Amino acid sequence: MERPKNRFLEQLEKGLGDQLDKGEILREYASHIDEILIESFECQDEETVFNLIVSRLGSPEEIAQAWREEFSVTPSNMKWVFILLN
C-alpha cells in the first residue's frame with residue numbers, strides 16, 4: 001500500500017512549498033503513515049487507505065497550512081507584535 005502513502009506525501013510536499021525543515025516534516029508524517037498502514041494491513045482498497053490516513057492525520061492541505069502558520073510566528077515577528085500592542 002505504498003501508493004496512498006506516496007500520494008499523501010506528494011500532496012503534502014507540494015503544499016509545504018519551500019518550507020523550512022520540509023524534509024524532516026515529511027519524514028515524520030511518513031512514519032505516522034507507516035503505523036497506519038501496519039494497522040490497516042488487511043485493507044486492500046487504496047482509496048479507503050488514503051481516506052483512513054486523511055481521517056487520522058488531516059488532509060495534506062490542512063497540515064501544510066498548519067505548518068505555514070507555525071513558522072510564521074518567529075521571534076522577530078513576536079517582537080513586532082509586542083511593540084505594536086503596547
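Leaving aside its neighbours within four places in sequence, which residues is Ser59 in contact with? Select Ser59, then Phe8 and Val54: these are its partners, where contact means heavy atoms within 4.5 Å.

This is a predicted model, in which local features need pLDDT of at least 70, side-chain atom pairs count only at pLDDT 80 or more, and totals for chains, interfaces and linings use all residues. Residues are numbered from 1 along each chain as its sequence is written, and side-chain values use heavy atoms, with hydrogens and water left out.

**Stop 1: Ser59.** Ser59 sits in the loop between H3 and H4. Helices here are DSSP runs (H or I, at least four residues), numbered from the N terminus.

**Stop 2: the core.** Next, select Phe8, Leu9, Leu12, Leu16, Tyr29, Ile33 and Ile53. In the largest nonpolar core, of 16 residues, these touch the most other members. Such a core is a set of buried Ala, Val, Leu, Ile, Met, Phe, Trp, Tyr and Cys residues joined through side-chain atoms within 4.5 Å. H1 (2-16), H2 (22-39), H3 (46-57) and H4 (60-72) each give two or more residues to this core. H2 supplies the largest share, seven residues.

**Stop 3: Leu12.** Beyond its neighbours within four places in sequence, Leu12 contacts Leu26, Tyr29, Pro60, Ile63 and Ala64.

Notes. Buried < 20%, exposed > 50% of the residue type's maximum accessible area, 1.4 Å probe, protein only.
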